[in-house]
Amino acid sequence: MSSLDMKGSYVYSLESISSVITKKSPGNYVLGYKNEDNEFIVRYVGRADSDLNDRIKDHLSKNKYRHFKYSYASSAKAAFEKECRNYHDFGEKEKLDNKIHPDSPDGTNRKCPSCGK
C-alpha cells in the first residue's frame, strides 16, 4: 500500500485546519473520509506552494470531504513532487476527484517525477 507520510487524519473544518496547520509554509494535503474500518480513504490530492493553511481551506465550501491529512514541504518544488507521487499512487483521475494531473508551480516548467508530464 502507498504511504502518504502525512499527519492526521483530522476532521475537515475551519477550526481543525486553523488549529493544526500553524505555520505559513508550502505543503501537501489529501482530502477524504474514513470508511467503516476507520481507514482513511483518499479522494483528493493537493498542494500549496506558499501557504498550506490558506490553500487547504479553498475546498471547504464544497462540503464534500470529512477528513484531511497534511505535511509541510521545504519548497514549492518538493510539494509539487510529492503531490505528483500521491496523485499517481492513489489512482490518478480514475480514482481521485482530481480532474487533471498536478501542474508545475507558477513560473516553473517542472516535470512530474513519476510520468514526466
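Author: In this predicted model, the backbone nitrogen of Lys-23 lies 3.3 Å from a polar atom of the side chain of Tyr-72. Residues are numbered from 1 along each chain as its sequence is written. Because the model is predicted, local features need pLDDT of at least 70 and side-chain atom pairs 80 or more, while totals for chains, interfaces and linings use all residues; side-chain values use heavy atoms, without hydrogens or water.

Tyr-72 itself has its place in strand β4 (strands are DSSP runs of E, at least two residues, and helices of H or I, at least four, numbered from the N terminus). With a relative accessible area of 24%, Tyr-72 is partly exposed (buried is under 20%, exposed over 50%, partly exposed in between, with a 1.4 Å probe and protein chains only). When neighbours within four places in sequence are left aside, Tyr-72 is in contact with Val-20, Ile-21, Thr-22, Lys-23, Ser-25, Pro-26, Gly-27 and Leu-52 (contact means heavy atoms within 4.5 Å). Lys-24 stands 48 residues from Tyr-72 in sequence, yet their C-alpha atoms are 9.2 Å apart in space.

The backbone oxygen of Ile-21 lies 2.8 Å from a polar atom of the Asn-53 side chain. Asn-53 also touches Ile-17 and Ser-18, again with residues up to four places away in sequence not counted. Asn-53 is buried, because its relative accessible area is 11%.

The charged side chains may be taken next. The whole structure holds 6 salt bridges (a side-chain nitrogen of Lys or Arg within 4 Å of a carboxyl oxygen of Asp or Glu). One of them joins Arg-55 and Asp-58, whose closest N and O atoms are 2.9 Å apart. Arg-55 is partly exposed, with a relative accessible area of 28%, and Asp-58, at 47%, also counts as partly exposed.

Another salt bridge pairs Arg-47 with Asp-49, and here the closest N and O atoms are 2.6 Å apart. Arg-47 counts as buried because its relative accessibility is 11%, whereas Asp-49, at 30%, counts as partly exposed.

Lys-64 and Asp-97 form a further salt bridge, with 3.5 Å between the closest N and O atoms. Lys-64 lies in the loop between α2 (52–57) and β4 (67–72), whereas Asp-97 lies in the segment after α4 (92–95), so this pair ties together parts that are 33 residues apart in sequence. Asp-97 is buried, since its relative accessible area is 15%. Through shared partners, salt bridges join Arg-43, Lys-64 and Asp-97 into one network.

Key: A polar contact is a pair of N or O atoms within 3.5 Å; within protein, one must be able to donate a hydrogen and the other to accept it, and residues adjacent in sequence count only if both atoms are side-chain atoms.
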